[in-house]
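Hi,

Here is the structure I promised to pass on. Have a look at it first, and then read my notes below.

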Amino acid sequence: MLLARQLSLAGPLRVLDLMTGCGIRALRYGQESPAQLVWANDADPDRQPLLHANLAPLADRVGVELRCSALTAQQLLAGCLQRQERFELVDLDAFGCPTPLLPLALEAVAFGGVLYVASTDGRSPTGHDRSAAVRTLGAAARAHPASWELALRLQLGVVARTAWAMGRGLQPVFSFSEGRTFRTAVRILRRPLAGEERQLGLLAHCHRCGEQQVQSLLRLRQWQVCCEPAAALAVSGPLWIGPLQDSATLTAIRAATAAEDASLCRAAARLLGSLAADAGLPARCWPLAELGRRLGGGPPRLQALLADLHNQGWEACVSGVMPGQFRTDAPWPLVLERAGALNR
């Protein structure tokens, strides 16, 4: 809802909720943002009486056009494409993986608008069902210590490839998960930004030593040997290796939200702050627990480790995606060395 308000600052706001369920999110779009149009759709016709009852407060609201329908998402989006009807916010909260709907959903997003995608498929993109990941994501997904982030990057990779094939560009606005649903909001641009294709790549993880390596598909080369004897790397991708969050947009949302705003509970405020503080770069993320396990004792204090790495000239920050994790571009052996020194 906060994103919808931010989008409304740029002009008219039309919202399409493709799989609305009981309509609670569509209701909030209509009540908590200055949306001029809210279209609530659910493929189950038996749900229509409940949907109309829940959205009754919007039916009489001045300045809000309410539409309710019982179409499959494919049918609705195909109709929008035929009429060339587009929306500033398209909410695709899919059950399972949303990949089949992405081309039509992207056609329904106005340039500069946002596609808000959610997936409940947690096994495929976290490396627990490799065959399904190839089928649904067109990518390899291997077990990784930052599994939620891996899933989000794979999801963004699919959106990016689809948008580029249509001649469009994209900019992630935010990406987050609680471990069951993976949510990404992506601003759709008229054309790709210069160098945008460099943000698609591969992520390799060595289960023996813990090192991670990232490569852009545009500059693929041989993977570096990270430990002796050389170990096979678990490689995932293609996936998005660029930023996960638009810190400027998230900071603006925070600044425009009053402390007493009922749409921003305490947990949501904490999440917003965490995401705004972590753009998602570099795409190398580890749990503190892994440091403790490899050092043979408890991990050092996270802030002390980050400050130490900063003093040595490396990027390092707390992950906003998964609790108890950090990201850095420092070589993993150096991270272990500095963590051990701090423990001593």
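**The sheet and what packs on it**

Strand β8 (residues 200–205) pairs with β10 in the antiparallel sense, over 5 bridges. Before you go further, keep in mind that this is a predicted model. Within that pairing, Leu203 sits opposite Ser236 of β10. The whole sheet is an open one of 3 strands, in the order β9-β8-β10, with antiparallel pairing. β9 (212–216) and β10 (234–240) are at the edges with a single partner strand each, so one side of each has no neighbour in the sheet. From one strand to the next, the twist averages 20 degrees. Helix α8 packs on this sheet, where it touches β8 and β10, and its direction makes about 45 degrees with that of β10.

Two cis peptide bonds turn up around here. One runs from Gly237 to Pro238, with omega near 5 degrees, and Pro238 is in strand β10 itself. The other runs from Glu228 to Pro229, with omega near -5 degrees; Pro229 belongs to the loop between β9 and β10.

**The cores**

Which residues touch the most other members of the largest nonpolar core? They are Leu16, Leu18, Phe87, Val90, Leu92, Leu115 and Leu170, out of 49 residues in that core. Helix α8 (residues 147–165) gives this core its largest share, 10 residues. Apart from it there is another core, of 30 residues, including Leu2, Tyr29, Ala40 and Leu89. As a general point, nonpolar side chains in soluble globular proteins tend to be buried together.

Leaving out residues up to four places away in sequence, Leu170 touches Val159, Ala160, Trp164, Val186, Arg187, Ile188, Leu189, Glu196 and Trp240.

**Helix α9**

In helix α9 (residues 247–255), the buried residues are Thr249, Leu250 and Ile253. Looking down the axis of α9, you'll see these fall within an arc of 95 degrees, so they line one face of the helix. Ala248 and Ala255, on the other side of α9, are exposed. The buried residues of α9 pack against α1 (2–8), β6 (169–177), β7 (182–189) and α10 (266–276).

Arg327 is in strand β13 (residues 325–328). Is Arg327 buried or exposed? With a relative accessible area of 0%, Arg327 is buried. The side chain of Arg327 makes a polar contact of 2.7 Å with that of Glu149, and another of 2.9 Å with that of Asp278.

Glu211 is in the loop between β8 and β9. Its relative accessible area is 12%, so Glu211 counts as buried too. The side chains of Glu211 and Arg284 are joined by a polar contact of 2.5 Å, and the Glu211 side chain also reaches the backbone nitrogen of Trp332 at 3.2 Å.

**One last spot**

Gln84 is in the loop between α5 (73–83) and β4 (87–93). Its phi is near 55 degrees, a positive value in a residue other than glycine. At 49% relative accessibility, Gln84 counts as partly exposed.

Cheers

Key: Residues are numbered from 1 along each chain as its sequence is written. This is a predicted model: local features need pLDDT of at least 70, side-chain atom pairs count only at pLDDT 80 or more; totals for chains, interfaces and linings use all residues. Side-chain values use heavy atoms; hydrogens and water are left out. A nonpolar core is a set of buried Ala, Val, Leu, Ile, Met, Phe, Trp, Tyr and Cys residues joined through side-chain atoms within 4.5 Å. Buried means under 20% relative accessible area, exposed over 50%, partly exposed in between (1.4 Å probe, protein chains only). Helices (H or I, at least four residues) and strands (E, at least two) are DSSP runs, numbered from the N terminus. Contact means heavy atoms within 4.5 Å. A polar contact is a pair of N or O atoms within 3.5 Å; within protein, one must be able to donate a hydrogen and the other to accept it, and residues adjacent in sequence count only if both atoms are side-chain atoms. Two strands pair if DSSP finds at least two bridges between them. Axes are lines fitted to C-alpha atoms, for helices over the stretch in contact, and angles run from 0 to 180 degrees between N-to-C directions. The arc is that of the directions from the helix axis to the C-beta atoms.
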